[in-house]
Amino acid sequence: RAAAKPTPPWYHGVGVFLAGVLVLTAVVLTRASPRSWVSTRAMRERTLEEPSRGVASSARAEEPPAAPLPRADASPPPAAPDQPPSINFHQPPSCDAYARVMARVEKDASSLRAFWASKTRDGRIPRAKMDEWVGMFERRERPFHDIMNSHHALVRDGKLYLSRRDDYYAPFMAPVVFDLIRAARRAPDAEFFLFLGDEPWGRDLGLGDGDDQNPYASHMGVPTLATMKYVDRLRSRATTDLVTPCYYSNLVDRACARRETFPPFAERRPKLLGAFGMHCPHVPSGSEVTKETRLPDGRPADACPRAYFKNLSQTHAETMTVAVTRVEEDVGLANRLGLTNKSDAPVPLLEHAQYKYLLDTDGLGRSCKFEAMLALGSVVLRPATAYASHFSDALEKNTHYKPVWETSADDAIDQVAYLEAHLDEAAAIARAGQDFACLQIGEEARTCYWAAAIAALAAMGEPGLTPTPAERAGLAETSEGDVRCDESFEDIDGERSFKCSVAKA
């Protein structure tokens, strides 16, 4: 007889029944709510993609992975010992439109890179040297003794940390801080110094350690972003700081926003306007045509171009108008230069747009008002200058502006006569200058430039050793809320008309 089959326990049938119910429920819910199923799946796929950004999808099919895309927030990889480090920065596509201007970053960075290539085995700036400089900065020792213009900065994880404990001139600092905050979001981690003064950072002339005449030779090669830089031809070697957008660059943004409201070129006054403070440059332009032309105190005309053009306007009032302010700050100098003891009335920037021709000259340093005047749609006349700007290599004379001091010290008078006789050419230069300012020096262009300059310095630091904010107690996180500017466009005279503040920490 066959053995009797064992009877399954009673709960076996219950388990089979419940499993069937669950399967049926899943099928019903999937058909009734396809949106939820797709959404959940998409969310899962996005989550899985996060760790593998920059890797080709073929890698998941067991094919060799593609090289990862460079990340703006990543520290640069170490360079080969026998090769100087290069810039590792993934620019947003929009930055390609500013390639001619941004080429200046590599031009300046190459000087700093060459300096360190001769000092260290891998051509990088040692972290220990940065620590030493930060200590000197905290004690305000030379070359960081200028508390108004010298600043310490750190970009970390897309945020800006800045020294904000000392005195500073807020109209210079605030516009630069706005630009830096935006650029930090695109830039890799980096530590550097800022110099926002009128005079270029003269302690860092790219001189060798063996130069006995330079008392700060042991501190050359400081990674510095500076708003003023000498033109390379004036030095035997290029300075090793990187020139950046100037502190009045935001004037360009407001001028370009109003460009359609300015008078047409043909309706503007056919005169040359110059309006500036009573300043003489730290370094004359070296113009050959001014050597024989003397100021009332006997110096060459380029020793104080603003005084020269003020005196020239006295005998050519039908062609040019020059207003000089701040004369009272140094009456003795004004008298030696043939000026009166009283300042002229300042000319608001908006009123500049009423003139066909505008005159720009060096003050203590280069005039940061120059780019704003380009944006006004007038023809800007400009003498030779001893200073570089971040866009000067992309600027073309006779296309974007008219040079003066090329044939004689008073050739500005001849230039105005020529332009008045060739108004179509004059209008084209005015339009080209305005387009250049609005398209190449505006906010987005400056953000790209600052980010690239920071990246260039980051590439020269020791990889993986950028300090954290906790390691730099003298720095404070700085955001848009810490900066305020209440300036009115109509009231700006290009001098001290900003009402800006940067919160101190």
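Let me start at the hairpin of β1 and β2, where 2 residues sit between the strands and Asp 157 takes a positive phi near 55°. Strands here are DSSP runs of E with at least two residues, helices are runs of H or I with at least four, and both are numbered from the N terminus. This is a predicted model, in which local features need pLDDT of at least 70 and side-chain atom pairs count only at pLDDT 80 or more, while totals for chains, interfaces and linings use all residues. Residues are numbered from 1 along each chain as its sequence is written, and side-chain values use heavy atoms, with hydrogens and water left out.

Asp 157 is not a glycine, yet its phi is positive. Most residues other than glycine have a negative phi. Asp 157 belongs to the loop between β1 and β2. Is Asp 157 buried or exposed? Its relative accessibility is 57%, so it counts as exposed. The cut-offs are under 20% relative accessible area for buried, over 50% for exposed, and partly exposed in between, with a 1.4 Å probe and protein chains only.

There is another positive phi to look at. Trp 405, also a residue other than glycine, has a phi near 65°. Trp 405 is placed in the loop between β12 (402-403) and α11 (411-421). With a relative accessible area of 4%, Trp 405 is buried.

Now the strands of the hairpin. β1 covers residues 150-156 and β2 covers residues 159-162; they run antiparallel and are joined by 4 bridges. Two strands count as paired if DSSP finds at least two bridges between them. Leu 154 has Tyr 161 of β2 as its bridge partner, and Ala 153 is opposite Leu 162 in β2. β1 also runs antiparallel to β3, with 6 bridges between them. There, Ser 150 is opposite Phe 195 of β3.

Which strands make up the sheet, and in what order? It is an open sheet of 6 strands, ordered β6-β4-β3-β1-β2-β13, with mixed pairing. At the edges are β6 (242-243) and β13 (476-478), each of which pairs on one side only. In general, strands of a sheet pair through backbone hydrogen bonds, either parallel or antiparallel.

How enclosed is β1? Of its 7 residues, 7 are buried, so β1 is largely enclosed by the rest of the structure. Both of its faces are covered: one side has Ser 150, His 152, Leu 154 and Arg 156, the other has His 151, Ala 153 and Val 155, and all are buried. Helix α4 (residues 127-138) lies across β1 and β3 (190-195), at about 40° to β3.

In the loop between α4 and β1 we find Asn 149. Asn 149 has 11% relative accessibility, so it counts as buried. Apart from neighbours within four places in sequence, Asn 149 is in contact with Phe 172, Leu 194, Phe 195, Leu 196 and Gly 197. Contact here means heavy atoms within 4.5 Å.

Next, helix packing. Helix α3 (residues 99-117) packs against helix α13 (residues 443-458) at about 20°, and their axes are 10 Å apart. α3 and α13 are therefore roughly parallel to each other. Their contact involves, among others, Val 101, Met 102 and Arg 104 of α3 and Cys 448, Tyr 449 and Ala 452 of α13. Axes are lines fitted to C-alpha atoms, for helices over the stretch in contact, and angles run from 0 to 180 degrees between N-to-C directions. Angles under 35 degrees count as roughly parallel, over 145 as roughly antiparallel, 65 to 115 as roughly perpendicular, and the rest as oblique.

The other pair is α11 and helix α12 (residues 423-440), which pack at about 105° with axes 5 Å apart. That makes α11 roughly perpendicular to α12. Here Tyr 418, Leu 419, Glu 420 and Ala 421 of α11 meet Leu 423, Glu 425, Ala 426 and Ile 429 of α12.

Last, the chain as a whole. The protein chain has 13 helices and 15 strands. Of its 505 residues, 50% are buried. Among contacts with a separation of 6 or more, 71% are between residues 24 or more positions apart.
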